[in-house]
Amino acid sequence: MIKSPRGTRDLLPPETALWNFVEAAVRDVFRAYNFHEIRTPIFESTELFARGVGEETDIVNKEMFENPPAELFTSYEGEVPDVIVRKAWLDQYGNRYTLVSQGLNEPFAVARRGDLTPSMMVFRYHMDACTLERMQTLERQQAELGLERLELTIAVPEWEEKEVRRLSPTVEVHSVKLPGWLDPRNAFTLRPENTAGIVRAYIEHKLWERGLNKFFSIGPMFRRERPQKGRYRQFYQIDAEVIGPPSSGSQSPVRDAEILELLATLLDRVGIANWTLVLNSVGCPADRAKFNEALREALAPVVDKMCVDCQRRAVTNPLRVFDCKVLADQPIIETLPTISQFLDEDCRMHYEQVKEILNAVAIPFVENPRLVRGLDYYQKTAFEFTHGALGAQNAILGGGRYDGLSEALGGPAAPGIGFAIGEDRLVLSLMEATPAEAVVRKPDVYIAPLGAGMNREAARLARELRRHDLVVELGDESFRPKKSIETADKMGSRYVLIVGGNEVAGDAFSLKHLASGEQVTVPRAELAQRISRK
Ligand code: AMP
């Protein structure tokens, strides 16, 4: 039996009714706040997420569904001092590839067996004198290691041929046809989040010309996480982003407070009680630099007692230490300095004003100076909404301000703020109080055709009744009356309508109310009205 891939699931009725209910409510709320829908692709260039989410985040480091996979270019089977690092793998068609590296940080060669001779190499990076020299060393070492003999035939993928010839006019160059998915320009990733995609669209379509943009989107996201309750590899997010040029007021604390107030309204509207808004300001890049420095200092004496991830983070991006979920590390994390001590005047004022407006509109919140959010580009306001029922995975949603993101992606200054609600978790929280059955609209009437030739009469009646916004289900003329009634009862229909020869002749039909068992004869013209009555 073929099953759905690990970490994915089928959403089935009646649960899908809850999803529809949530999405309808959410759309209503967005309308009231003047947000409009944007739909961006489900996959984007890998580079977008590397730059837009941050190389040092878990999402980009560990969780992306990318093609070609990063491992292809970055992980090795074994290491030979200085020069050769090899990895062999098969592609989806069974072709064998070998990765050869110079032993620098950049693995650069991909050789494909089969249509290439074993010694041929395909270079991802350009060929220069230095590379040539390395190749000769490589050849010697290959021979010493007893690997296949290496001939200095230089093969490059078609898309690099011109560049390689320009750089190395004296070298014999062959162009090689490779599957398109190996072309770095075709490196795509299933979106792990949607902010980067929306900001890409903002830049691509020059949306600053429209002033302030208020977007929402609903759709699937993909992260290669270890699946558990409330955590999936394909999950759904409801996103909102407010973004525009500084002149549109996109930087104003009004926007932050509006987003937070909208979220409170939204959760109340879908029926999530007992949420907690957790708030922080993560400052601006200058504050962060000072804070990172202080963190590095504070971490230095203790970091060897922390998990390996934290040891790496302490060097590359100490702020990410706050993402750590390892229990044993928490007491150490508790002792670290917090960003609030490093906020400059502008960030502090901004944060104060957000809180003032929240107080004015009576939205309760708690502050958590260690809340940093999982992505690199956040600035100033950062927040999460949690809900008790979700246990360890208790954040239903998170978001914040990302004033530098557009520039990081090559666009103009475009301050923005947004959030992503985990729809799966929202529905999970909702299910406690609202069983899916409660929001499913059951059939109002089940039409039971009785005897030969009655299917078409039933279909005519169904068509008439459905025009009156009634939910109508149809039986089949081969069913016995008992079977029709049982079927109708099982699906929760309120009425059964009997369509037999006599009824058609008299243009009046037997209508049975299933709960009470009461049966009446109703003229065709009055049926819709009668069934509509609750
Ligand atoms: P993030 O983009 O990581 O801030 O996530 C925003 C929200 O999406 C979280 O608060 C969760 O509710 C939800 N979420 C994130 N990752 C997953 C996942 N793997 N499965 C289900 N929901 C998720």
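Which residues do ring pairs link into a cluster? The cluster consists of Phe30, Phe35, Phe216 and Phe419. Rings of Phe, Tyr and Trp (its six-membered ring) pair if their centres lie within 6.5 Å; planes under 30 degrees apart count as stacked, over 60 as edge-to-face and the rest as tilted.

The structure is a predicted model, in which local features need pLDDT of at least 70, side-chain atom pairs count only at pLDDT 80 or more, and totals for chains, interfaces and linings use all residues. Residues are numbered from 1 along each chain as its sequence is written, and side-chain values use heavy atoms, with hydrogens and water left out.

The protein contains 19 helices and 23 strands. Helices (H or I, at least four residues) and strands (E, at least two) are DSSP runs, numbered from the N terminus. Of its 534 residues, 49% count as buried. Buried means under 20% relative accessible area, exposed over 50%, and partly exposed in between (1.4 Å probe, protein chains only). The accessible surface of the protein comes to about 25900 Å². Carbon and sulfur atoms account for 52% of that surface. Accessible areas come from the Shrake-Rupley method with a 1.4 Å probe; for residues, only the protein chains shown count as cover. Contacts were also counted, where contact means heavy atoms within 4.5 Å. Among contacts between residues at least 6 apart in sequence, 66% join residues at least 24 apart.

Aromatic pairs number nine in the structure. In one of them, the ring centres of Phe30 and Phe419 are 6.3 Å apart and the planes lie at 10°, so this pair is stacked. Phe30 belongs to helix H1 (residues 15-32) and Phe419 to strand E18 (residues 416-422). Phe30 is buried, with a relative accessible area of 0%. Phe419 is buried too, at 1%. Phe43 and Phe188 form an edge-to-face pair, with 5.4 Å from centre to centre and 65° between the planes. This pair also links distant parts of the chain, 145 residues apart: Phe43 is in strand E2 (residues 43-45) and Phe188 in strand E11 (residues 188-190). Phe43 is partly exposed, with a relative accessible area of 47%. Phe188 is partly exposed as well, at 31%.

Charges also sit over rings. The criterion is NZ of Lys or CZ of Arg within 6 Å of the ring centre and within 35 degrees of the ring normal. Lys355 lies over the face of Tyr351, 4.1 Å from the ring centre. Lys483 lies over the face of Phe479, also at 4.1 Å from the ring centre.

The largest nonpolar core has 62 residues. A nonpolar core is a set of buried Ala, Val, Leu, Ile, Met, Phe, Trp, Tyr and Cys residues joined through side-chain atoms within 4.5 Å. Phe30, Phe35, Phe383, Phe385, Phe419, Ile421 and Leu426 touch the most other members. Helix H8 (residues 253-270) supplies the largest share of this core, eight residues. A second, separate core of 25 residues includes Leu48, Tyr377, Tyr378 and Ala382. Beyond four places in sequence, Ile421 touches residues including Tyr236, Leu263, Leu266 and Leu426.

Strand E21 (residues 495-499) has five of its five residues buried, so it is largely enclosed by the rest of the structure. Tyr495, Leu497 and Val499 point one way from E21, and Val496 and Ile498 point the other way. Two strands pair if DSSP finds at least two bridges between them. Strand E19 (residues 445-449) runs parallel to E21, joined by five bridges. Across this pairing, Tyr446 stands opposite Val496. E21 also pairs with strand E22 (residues 508-513), in the antiparallel sense, over four bridges. Here Leu511 in E22 is the bridge partner of Leu497.

Two glycines lie in loops. Gly492 is placed between helix H17 (481-490) and E21. Gly492 is partly exposed, with a relative accessible area of 29%. Not counting residues up to four places away in sequence, Gly492 touches Lys442 and Pro443. Gly244 lies in the loop between strand E13 (234-243) and H8. Gly244 is buried, with a relative accessible area of 0%. Gly244 and Ala413 are 169 residues apart in sequence, yet 8.4 Å apart in space, C-alpha to C-alpha.
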